[in-house]
Amino acid sequence: MAARKQGDFNFEKALQELEELVEKMETGNLSLEESLKYFERGVALTRNCQQALAEAEQKVQILLKQNGKDELQEFVPEDNSKS
């Protein structure tokens, strides 16, 4: 697989395409050939998404180290229902 250039991959579009592929495959109306084609595309999109997430995690780690914080803090969402 060729290396992709920085900035030419849109994570949100890839996730949307994955969702569409899954919906089409779940209908069961595809031929075996079509199903394999969609599955292959889904695997490629998944790999690209995983790579993008790994790169984002690396960037976060670098930024945290630059700011003197070596560990990620657990995210605790605010409970806005107690207004």
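**Close-up views of a helix pair and its salt bridge**

**View 1. The salt bridge of the structure.** A search of the whole structure, which is a predicted model, finds 1 salt bridge. The partners are Glu-17 and Arg-41, whose closest N and O atoms are 2.8 Å apart. Glu-17 belongs to helix α1 (residues 11–26) and Arg-41 to helix α2 (residues 32–66), so this pair ties together parts that are 24 residues apart in sequence.

**View 2. The crossing of helices α1 and α2.** Two packed helices are described by the angle between their axes and by the distance between those axes. Here the axes of α1 and α2 come within 10 Å and cross at roughly 150°, which means that α1 is roughly antiparallel to α2. The crossing of α1 and α2 is left-handed.

**View 3. The residues at the contact of α1 with α2.** On the side of α1, the contact is made by residues including Phe-11, Leu-15, Leu-18 and Leu-21, while α2 contributes, among others, Tyr-38, Phe-39, Leu-45 and Leu-53. Glu-17 and Arg-41, the partners of the salt bridge, also take part in this contact. Sorted by class, the contact of α1 with α2 has 12 nonpolar, 3 polar and 3 charged residues.

Notes: Residues are numbered from 1 along each chain as its sequence is written. This is a predicted model: local features need pLDDT of at least 70, side-chain atom pairs count only at pLDDT 80 or more; totals for chains, interfaces and linings use all residues. Side-chain values use heavy atoms; hydrogens and water are left out. A salt bridge is a side-chain nitrogen of Lys or Arg within 4 Å of a carboxyl oxygen of Asp or Glu. Helices (H or I, at least four residues) and strands (E, at least two) are DSSP runs, numbered from the N terminus. Axes are lines fitted to C-alpha atoms, for helices over the stretch in contact, and angles run from 0 to 180 degrees between N-to-C directions. Angles under 35 degrees count as roughly parallel, over 145 as roughly antiparallel, 65 to 115 as roughly perpendicular and the rest as oblique. A crossing is left-handed if the near helix is turned anticlockwise from the far one by less than a right angle, and right-handed if clockwise. Contact means heavy atoms within 4.5 Å. Ala, Val, Leu, Ile, Met, Phe, Trp, Tyr, Cys and Pro count as nonpolar, Asp, Glu, Lys and Arg as charged, and the others, Gly among them, as polar.
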